[in-house]
Amino acid sequence: MLSNLERVNAAVKQAAQTRFTALLHHVGEDALFRAFRRQKRQASAGVYGMTVAKYEEGLTDNIRDLCGRVHAGRYRPQPVRRVYIPKADGGKRPLGVPALEDKIVQSAVAEVLSAVYEADFLGFSYGFRPARKSHMALDALHTAIMSQHVNWVVGERREARDRQGGTPQGAGISPFLANIFLHYILDLWTNQLRRRRARGRIVIVRYADDFVMGVESMADAQEMLLALRARLASFGLTLHEDRSRLIEFGRFAALSRQRRGERRPETFAFLGFTHYCGRTRDGRFIVKHKTEGKRLTRN
């Protein structure tokens, strides 16, 4: 983190109720230059066809002009170009392609906001945060199921809708704004729910809008799923129907099912992997994962 943003981050850590009234000076020419360098050279152009290579021809003047418009209040975001890409299930996923200058400004703004909100984000949130990668989320999930009294798993994913409002999927700042949104409507809510109402242990691992909950008590698991649907619905969100299910899973679940003469626990998907209960060569319980079948087919 840059020194100026380190000071912002430190101020938040020192006083949780800190409110900033002047952050725009952090979005200067240097920040916009850094944001430009983060752009992919082969990325699709926005509605007016401006490419990274073309913008770079007059980069110094272009960034200086952009910075002037931002600080004078004359900068206006351009329309987002809508495109559709094929999904593994045969459907199409809508993506938004912002104009290049919008990508630059969004990236610079996200850099500043990250310094503010990183002090607030919780430890089980991994997506699109500095030094918190998908493999870390997978490791955290594996450790939680292996070490905690997890008997049930609620496999979840927020349903994406094709809509005109909100932040478009594909915009550079969208994942960061989603983290802020889900921090307040999901992460803090889950923490409060498991502390006040849970009968047993509840763990959660979230990567962007994909998350998994591990629950000790079946009653907690059933209540959590119902409460979760209601909570998200109150904010106009729904859960992915194919992934929003409650399954018996974990060390003790596997033993219970074995005693009842039932098959081993069902599997669930998270971050492109199918997770399932297995055994080591010497017969010990272990959570294993393999690449989802639909991803193998697509690749």
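Reader: How do the residues lining the second largest pocket divide into nonpolar, polar and charged?
Author: Eight of the lining residues are nonpolar, two are polar and two are charged. Here Ala, Val, Leu, Ile, Met, Phe, Trp, Tyr, Cys and Pro count as nonpolar, Asp, Glu, Lys and Arg as charged, and the others, Gly among them, as polar. Keep in mind that this is a predicted model, where local features need pLDDT of at least 70, side-chain atom pairs count only at pLDDT 80 or more, and totals for chains, interfaces and linings use all residues. Residues are numbered from 1 along each chain as its sequence is written, and side-chain values use heavy atoms, with hydrogens and water left out.

Reader: Okay, and which residues line the second largest pocket?
Author: The lining is made of Val12, Ala16, Gln17, Thr18, Arg19, Phe20, Leu23, Leu113, Val116, Tyr117, Asp120 and Tyr184. A pocket is an open set of points on a 1 Å grid over the protein atoms alone, where a 1.4 Å probe fits and protein lies on both sides within 12 Å along at least five of seven lines; lining residues have an atom within 4 Å of a point.

Reader: How much space lies in the second largest pocket?
Author: About 270 Å³. That volume is the space filled by probe spheres set on the points, which are joined across faces, edges and corners.

Reader: Where does the largest share of the lining come from?
Author: From helix 5, residues 100-117, which gives three residues to the second largest pocket. Helices (H or I, at least four residues) and strands (E, at least two) are DSSP runs, numbered from the N terminus.

Reader: Where is Phe20 placed?
Author: Phe20 is in the loop between helix 1 (3-14) and helix 2 (29-37). The C-alpha atoms of Phe20 and Val116 are separated by 9.0 Å, and these residues are 96 apart along the chain. With 31% relative accessibility, Phe20 counts as partly exposed, because buried means under 20% relative accessible area, exposed over 50%, and partly exposed in between (1.4 Å probe, protein chains only).

Reader: New topic, rings! How many aromatic pairs does a search of the whole structure find?
Author: Seven aromatic pairs turn up. One of them joins Tyr117 and Phe121, a stacked pair with 6.1 Å from centre to centre and 25 degrees between the planes. Rings of Phe, Tyr and Trp (its six-membered ring) pair if their centres lie within 6.5 Å; planes under 30 degrees apart count as stacked, over 60 as edge-to-face and the rest as tilted.

Reader: Is Phe121 buried or exposed?
Author: Phe121 is buried, because its relative accessible area is 8%. Ring pairs also link Tyr117, Phe121 and Phe176 into a cluster.

Reader: And why is the pair of Phe128 and Tyr207 called tilted?
Author: The ring centres of Phe128 and Tyr207 are 5.9 Å apart with planes at 45 degrees, so the pair is tilted. This pair links distant parts of the chain, 79 residues apart: Phe128 is in the loop between helix 5 and helix 6 (134-147), and Tyr207 is in strand 4 (residues 202-207). Tyr207 is buried at 18% relative accessible area, while Phe128 is partly exposed at 48%.

Reader: What is phi of Phe128?
Author: Phi of Phe128 is near 55 degrees, a positive value in a residue other than glycine. Ala131, found in the loop between helix 5 and helix 6, has a positive phi of about 60 degrees and is not a glycine. Ala131 counts as exposed, with 61% relative accessibility.

Reader: Back to strand 4. How many bridges join strand 4 to strand 5?
Author: Six bridges join strand 4 and strand 5, and the strands run antiparallel. Two strands pair if DSSP finds at least two bridges between them. Val205 has Val212 in strand 5 as its bridge partner. The hairpin of strand 4 and strand 5 has two residues between the strands, and Ala208 takes a positive phi near 55 degrees there.

Reader: How many residues of strand 5 are buried?
Author: Six of the six residues in strand 5 (residues 210-215) are buried. Asp210, Val212 and Gly214 point one way from strand 5, whereas Phe211, Met213 and Val215 point the other way. In a regular strand, side chains alternate between the two faces of the sheet.

Reader: Last one: what is the secondary structure of the protein chain?
Author: Ten helices and nine strands. Of the 299 residues in the protein chain, buried ones make up 42%.
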